[in-house]
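Hi,

Here is the model I said I would pass on.

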Amino acid sequence: MCVGCRGRADRAELVRVIARCGPDGPVVVIDHRKNQPGRGAWLHPTAECASAAVRRKALAPALRVDGLTVDLTDLVGSLDSATGTGQPEEQVAPDMSTP
């Protein structure tokens, strides 16, 4: 279930976020492989769901971490890089095999 929009989706459609210790306290990071230790929360990889989760302050209770720091611009940038949004399409070379 997405902590931003509260909608249900398959695991393949969601991005897992976890809390990691940063220099200023715990911060939210993307778990790209979806298997890091610790409690995780799931988000749709969209800016709307990320901003809804931050606005509702849903990440700290979902991750069960007090004093969680969530920077929305960093989170949205991480979501974009995790999903490949903004990346050019993959270029495929033409078939060069001999007939």
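The side chains of Arg16 and Asp31 meet in a salt bridge, with 2.5 Å from N to O (the term covers a side-chain nitrogen of Lys or Arg within 4 Å of a carboxyl oxygen of Asp or Glu). The structure holds one salt bridge. Arg16 lies in strand S1 and Asp31 in strand S2, so the pair ties together parts that are 15 residues apart in sequence.

Buried or exposed, where do Arg16 and Asp31 fall? Arg16 counts as buried at 9% relative accessibility, and Asp31 is buried too, with a relative accessible area of 2%. For the cut-offs, buried is under 20% relative accessible area, exposed is over 50% and partly exposed is in between, using a 1.4 Å probe and protein chains only.

Before I go on, keep in mind that this is a predicted model, where local features need pLDDT of at least 70 and side-chain atom pairs count only at pLDDT 80 or more, while totals for chains, interfaces and linings use all residues. Residues are numbered from 1 along each chain as its sequence is written, and side-chain values use heavy atoms, with hydrogens and water left out.

Now the sheet. It is an open one of three strands in the order S2-S1-S3, with antiparallel pairing (two strands pair if DSSP finds at least two bridges between them). Strand S2 (25-31) and strand S3 (40-43) are the edge strands, each pairing on one side only. From one strand to the next, the twist averages 40°. Helix H3 (residues 72-83) packs on the sheet and touches S1, S2 and S3, and its direction makes about 20° with that of S2. Contact here means heavy atoms within 4.5 Å, and axes are lines fitted to C-alpha atoms, for helices over the stretch in contact, with angles from 0 to 180 degrees between N-to-C directions.

Strand by strand, S1 and S2 run antiparallel and are joined by seven bridges, and they form a hairpin with two residues between them. The bridge partner of Arg16 in S3 is Trp42, and that of Val17 is Ala41.

What is on the covered face of S3, and what is on the uncovered one? Ala41 and Leu43 are on the covered face, with Gly40 and Trp42 on the uncovered one. As background, side chains in a regular strand alternate between the two faces of the sheet.

Next, the helices. The axes of H1 (residues 47-55) and H3 come within 10 Å and cross at roughly 150°. Ala47, Ala50, Ser51 and Val54 in H1 meet Leu72, Leu75, Val76 and Leu79 in H3. By class, this contact has seven nonpolar, one polar and no charged residues. The classes are: Ala, Val, Leu, Ile, Met, Phe, Trp, Tyr, Cys and Pro as nonpolar, Asp, Glu, Lys and Arg as charged, and the others, Gly among them, as polar.

His44 is in the loop between S3 and H1 and is buried, with a relative accessible area of 18%. Leaving out residues up to four places away in sequence, His44 touches Cys2, Cys5, Gly7, Ala9, Glu13, Leu14, Cys49 and Leu79.

His32 is in the loop between S2 and S3, but this one is exposed, at 55% relative accessible area. His32 and Thr83 are 51 residues apart in sequence and 9.5 Å apart in space, C-alpha to C-alpha.

Lys34 also has its place in the loop between S2 and S3. Lys34 has a positive phi of about 60° although it is not a glycine. Arg64 has a positive phi as well, of about 55°, and is not a glycine either. Arg64 is in the loop between helix H2 (59-63) and H3 and is exposed, with a relative accessible area of 63%.

Cheers

Notes:
Helix = DSSP H or I, 4+ residues; strand = E, 2+ residues; numbered from the N terminus.
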